[in-house]
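Please examine the sequence and the structure shown here before reading on.

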Amino acid sequence: MSIFINENTKLIVQGITGKEGSFHAKSCQEYGTKLVGGVTPKKGGTEILDVPVFNSVEEAVAEVKPNTTMIFVPARFAASAIIEAADAGIQLIVCITEGIPVYDMLEAKKAVISNGVRLIGPNCPGLISPEKSKVGIMPSSIHKKGNVGVVSRSGTLTYEAVYQLTQLGIGQSTCIGIGGDPVIGTNFIDVLKAFQDDKETDAICMIGEIGGSAEEEAADFIKQYVTKPVVSFIAGLSAPEGKRMGHAGAIISGGKGTASSKMKALNNAGVLVCKNPADIGITIKNILEKSN
Amino acid sequence: MKIHEYQAKELFKQYGIDVPKSILCEKREDIEKSISKVSIPCVIKAQVHSGARGKAGGVKLADSYENALNIANSILGMELKSTQAGIKKVNKILIEEAVKIDKELYISLTFDRANECIAFIISSQGGMDIEEVAKSSPEKIYTMLIKDKFEPLSLISKLGFDEKITIKICNIANSLYKLIKEKDASLVEINPLVVTKTADVVALDAKINFDDNALFRHEEIAALKDEKEENPYELEAQKYGLNYIKLDGTIGCMVNGAGLAMATMDIIKLAGKDAANFLDVGGGASSEKIEHAFKILISDKNLEAVFINIFGGILRCDFLAEGVKNAIQNLKINIPIIVRMEGTNKEEGAKILANSGLKFTVVKNLNEAIEVIRKI
């Protein structure tokens, strides 16, 4: 097993005819993901990457029955794209787009919740279940099939952690970037629960960063629910207060959202917190060997 | 994005919120003329993007014309030291008629991240640092999460004013709500909102922050940006789509991705040094973009060394290497450069660096980087 995506994933890409959209749609297709179509308004009836392009998600659903969509639509239209996918009943919506206005995201999230579907992101690298399916923009080659679940608010830092694991011969069940924005569809808790319930996941790697309180809430959840070992790294221990560190959500304000508060909460929940990002891989290796 | 008090008050006026009569003054030679346009007593207020201006000596009451002249002359051009924003030069002052205050309140609407909605906050303890009030007497702060329709009356009634004043405060709350939604603000705050001796309700201060991601649909708001309040290097970086933040350390760093950039700063700290900056060059950086990034990076005179940490996904290591090589050749850089490249086309990138004839310290992983940085 893996979580959220697998061999049965049938993917469409919203914004498939754009530069980014087509590049990554192709990369997912090459990885083995079943790409069944794409959506670009006014380009319906054409073809790209040997799949049909539709004018709307609704049309795509009627014709090729996707269960997953990946969104590359520009920020000003991306929230509408999420709402369109949710209203069309797509079960898994992965939004890669960065820079969506916060109040637009609140509307999009309402549509996601009322339709009972799952949104991952926005402002995220997507997800990959190695050797099964990839719905994202991560470099495929660094991944390896295995038993560690990886969840992160970041992109390249996730690649770093995954690469360390793969170098040590440790594979991953699913790797998910949940996104660096203040309002996201799927949070740490949702993913931790799925990993805990997934038979193929034996350990969890959780990468957080400054800003908000998602890691503290995750720590509470881990205490109550997660029995599998969790290793964590929190980026931004050296970040100053009041400065947005690249991600819209990565900001310490009013003394809240610091890395040390998050590390403390996770430590208290029995999570092994790495101070050095270079130690993420080896810490997981040691913990897996211990539990065997 | 932040704006100045005087700009926020202009917006308040558009939304029907009363503010005292005031004149903005930017030049020393205009001070006399400006003061003569308002009645005395008046308040002279430094216009800088910083909280706690009063504590830093940037807000003062003048009870005579001469007194106002002296204060205005001393505040305009002063270096304001605030605990919140460091040292800021005062380029503009607001000269505002004083109001006879009966009660000072706090009122704000803000995007509440944990609850994913707008929160409405009021307090009878106006004029004070609201975070301090929250710590010392939390019972004096009333909060309402706006999940659906905004109906502020029940909360405002708790302040215990008569009907007339309660309605006035309600109208202000509704105006603020309209403003925060229509203009994509993340915060609108009036501290203090005052009830005057003549039973008027007036905004003595004004603070508005906007969602940067929504500025594309508010040209009139984007135009309010005061570039003098921004770090010049950060502004330069924005032009090239680079995410650069100036920090106080001595090790410059160049990274792709915000999370890895933060982790790289943490690594520098683990090596006993401090990062001179945060710099995320983004996903699809070209070699030209890398060169610009390098230029901005080394404009910092305190640098001891530069650490380049790239995990190539979409960003190709050969593009990166080419940009770094060009930058170093063109800019004649002679401080140590430490490079760690992983991912897409790393062999090609390594070749470019090796054949450049320039000196690099190439490290294989993050632990090696820590060791090298420690020895600088």
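How many helices and strands does chain B have? Chain B has 13 helices and 18 strands, where helices (H or I, at least four residues) and strands (E, at least two) are DSSP runs numbered from the N terminus.

## Basis of the model

This is a predicted model, in which local features need pLDDT of at least 70 and side-chain atom pairs count only at pLDDT 80 or more, while totals for chains, interfaces and linings use all residues. Residues are numbered from 1 along each chain as its sequence is written, chains are lettered from A and ligands numbered from 1 in the order in which they are written, and side-chain values use heavy atoms, with hydrogens and water left out.

## Overall form of chain B

Taken along the principal axes, the C-alpha atoms of chain B fill a box of roughly 80 × 50 × 40 Å. Chain B comprises 376 residues, of which 53% count as buried; buried denotes under 20% relative accessible area, exposed over 50%, and partly exposed in between (1.4 Å probe, protein chains only).

Contact is defined by heavy atoms within 4.5 Å. Among the contacts in chain B with a separation of 6 or more, 68% are between residues 24 or more positions apart.

## The interface of chains A and B

At the interface, 52 residues of chain A are in contact with 43 residues of chain B. The area buried between the two chains is about 3,600 Å², and carbon and sulfur atoms give 61% of this area. Buried area here is the accessible area (1.4 Å probe) that two parts lose on being put together, summed over both. A:Y103, A:T156 and A:M245 supply 19% of the area that chain A buries against chain B, more than any other three residues.

The rule for polar contacts finds 13 residue pairs across the interface of chain A and chain B, both residues being at pLDDT 80 or more. A polar contact is a pair of N or O atoms within 3.5 Å; within protein, one must be able to donate a hydrogen and the other to accept it, and residues adjacent in sequence count only if both atoms are side-chain atoms. On the side of chain A that touches chain B, α4 (102-114), α5 (156-167) and β13 (230-235) of chain A each supply at least two residues. The largest share, six residues, comes from α5(A). The residues of this side of chain A divide into 27 nonpolar, 15 polar and 10 charged. In this division Ala, Val, Leu, Ile, Met, Phe, Trp, Tyr, Cys and Pro count as nonpolar, Asp, Glu, Lys and Arg as charged, and the others, Gly among them, as polar.

## Salt bridges between the chains

A salt bridge is a side-chain nitrogen of Lys or Arg within 4 Å of a carboxyl oxygen of Asp or Glu. In one of them, A:K109 meets B:E116 at 2.6 Å, N to O.

B:E234 and A:K243 also meet in a salt bridge (3.9 Å, N to O). This pair crosses between chains, from helix α8 (residues 232-239) of chain B to the loop between β13 and α8 (259-268) of chain A. B:E234 is buried at a relative accessible area of 12%, whereas A:K243 is partly exposed at 31%.

The side chains of B:E5 and B:R53 form a salt bridge (2.9 Å, N to O). The pair links distant parts of the chain, 48 residues apart: B:E5 is in helix α1 (residues 5-14) of chain B, and B:R53 is in the loop between β2 (42-46) and β3 (59-62) of chain B. Both B:E5 and B:R53 are buried. B:R316 forms a salt bridge with B:D318, with the closest N and O atoms 2.8 Å apart. Salt bridges that share partners join B:E5, B:K9, B:K45, B:R53, B:E96 and B:D205 into one network.

B:D226 lies in the loop between α7 (219-222) and α8 of chain B and counts as buried at 11% relative accessibility. Its side chain makes a polar contact with the side chain of B:H4 (2.7 Å).

## Helix α2 of chain A

Within helix α2 (residues 57-64) of chain A, the buried residues are A:V57, A:A60 and A:V64. Seen down the axis of α2(A), these residues fall within an arc of 60 degrees, so they line one face of the helix; the arc is that of the directions from the helix axis to the C-beta atoms. On the other side of α2(A), A:E58 and A:A62 are exposed.

The cover over the buried residues of α2(A) includes β1 (10-14), β2 (34-39), β4 (51-54) and α3 (75-87) of chain A. Just after α2(A), A:K65 takes a positive phi of about 50 degrees.
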